[in-house]
Amino acid sequence: MIERRDEKIIVLDRGNVEFSYPRDWTFTPDPAGFAKLIDPTDSARLEVSYLKLPPLPPDAPTVEERLRHALAAAPDAGPLTPVVNEERAGMQLAWADYRYQCDDTERGERRAARGRWLVAANRLFQVLMTYYYWDDDAAWAVAAWTRMVGTLRLGDGVPLESPKDHWAVRRWSR
């Protein structure tokens, strides 16, 4: 993990996946193979997992099709917003948002919540990001999501020799 003034940068598996997140969020690696990030008020949660892709045939499912398949298996996924597709920095991204009802143990009531799922891939790696937040926190939660997804990068298969080789460390140490 690399720290900057207002953000931290997660670098997974020696540079295969990286993105920024707000400095005051808690990062917890999970032994099941994913990372969990939670905001300080415990009102938003991002979970991230990734895998190395085998060589894919030309007729392999698109990133959007992979996202729809993953969402079809989600137990609480309600009606989706339209899927957002984007291509940048040598990767393809697709994400969708949905509403659902969830028990808020702090308030002792059921509340409207949102889930956002994203699949991003290049020819070597695929990332799944799942993001959950209360509907009435959308103003700040969506801004946090936008920043995290906007900084998402997938590696080129050449692992960093050490954390000191990361671009953010080199830039700050000059």
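Analyst: Rings of Phe, Tyr and Trp (its six-membered ring) pair if their centres lie within 6.5 Å; planes under 30 degrees apart are stacked, over 60 edge-to-face, the rest tilted. This is a predicted model, where local features need pLDDT of at least 70 and side-chain atom pairs 80 or more, while totals for chains, interfaces and linings use all residues. Numbering starts from 1 along each chain as its sequence is written, and side-chain values use heavy atoms, without hydrogens or water.

Let's start with the rings. The structure has eight aromatic pairs. Take Trp95 and Trp145: their ring centres sit 5.7 Å apart with the planes at 70°, so this pair is edge-to-face. The two come from distant parts of the chain, 50 residues apart: Trp95 belongs to strand S8 (residues 91-104) and Trp145 to helix H2 (residues 138-150). (Helices, H or I with at least four residues, and strands, E with at least two, are DSSP runs numbered from the N terminus.) Trp95 is buried, and Trp145 is too. (Buried is under 20% relative accessible area, exposed over 50%, partly exposed in between, with a 1.4 Å probe and protein chains only.)

Now look at Tyr98 and Tyr100. Their rings also make an aromatic pair, this one tilted, with 5.7 Å from centre to centre and 40° between the planes. Tyr98 counts as buried because its relative accessibility is 1%. Tyr100 has 13%, so it counts as buried as well.

Ring pairs join Trp25, Trp95, Tyr131, Tyr133 and Trp145 into a cluster. Trp95 and Trp145, the edge-to-face pair, are therefore both members of that cluster.

On to the charged groups. A search of the whole structure turns up 11 salt bridges (a side-chain nitrogen of Lys or Arg within 4 Å of a carboxyl oxygen of Asp or Glu). In one of them, Arg147 meets Glu7, with 2.4 Å from N to O. Here too, distant parts of the chain are linked: Arg147 is in helix H2 and Glu7 is in strand S2 (residues 7-12), 140 residues apart. What about their surroundings? Arg147 is partly exposed, as its relative accessible area is 39%, whereas Glu7, at 6%, counts as buried.

Next, find Asp97 and Arg114, whose side chains form a salt bridge of 2.1 Å, N to O. Asp97 is part of strand S8 and Arg114 is part of strand S9 (residues 109-121), so this bridge ties together parts that are 17 residues apart in sequence. Asp97 is buried at 2% relative accessible area, and Arg114 counts as buried at 14%.

One more bridge is worth a look. Asp136 and Arg111 form a salt bridge, and their closest N and O atoms are 2.5 Å apart. Asp136 sits in the loop between strand S10 (125-134) and H2, with Arg111 in strand S9, so parts 25 residues apart in sequence get tied together. Asp136 counts as exposed because its relative accessibility is 52%, while Arg111 counts as buried at 8%.
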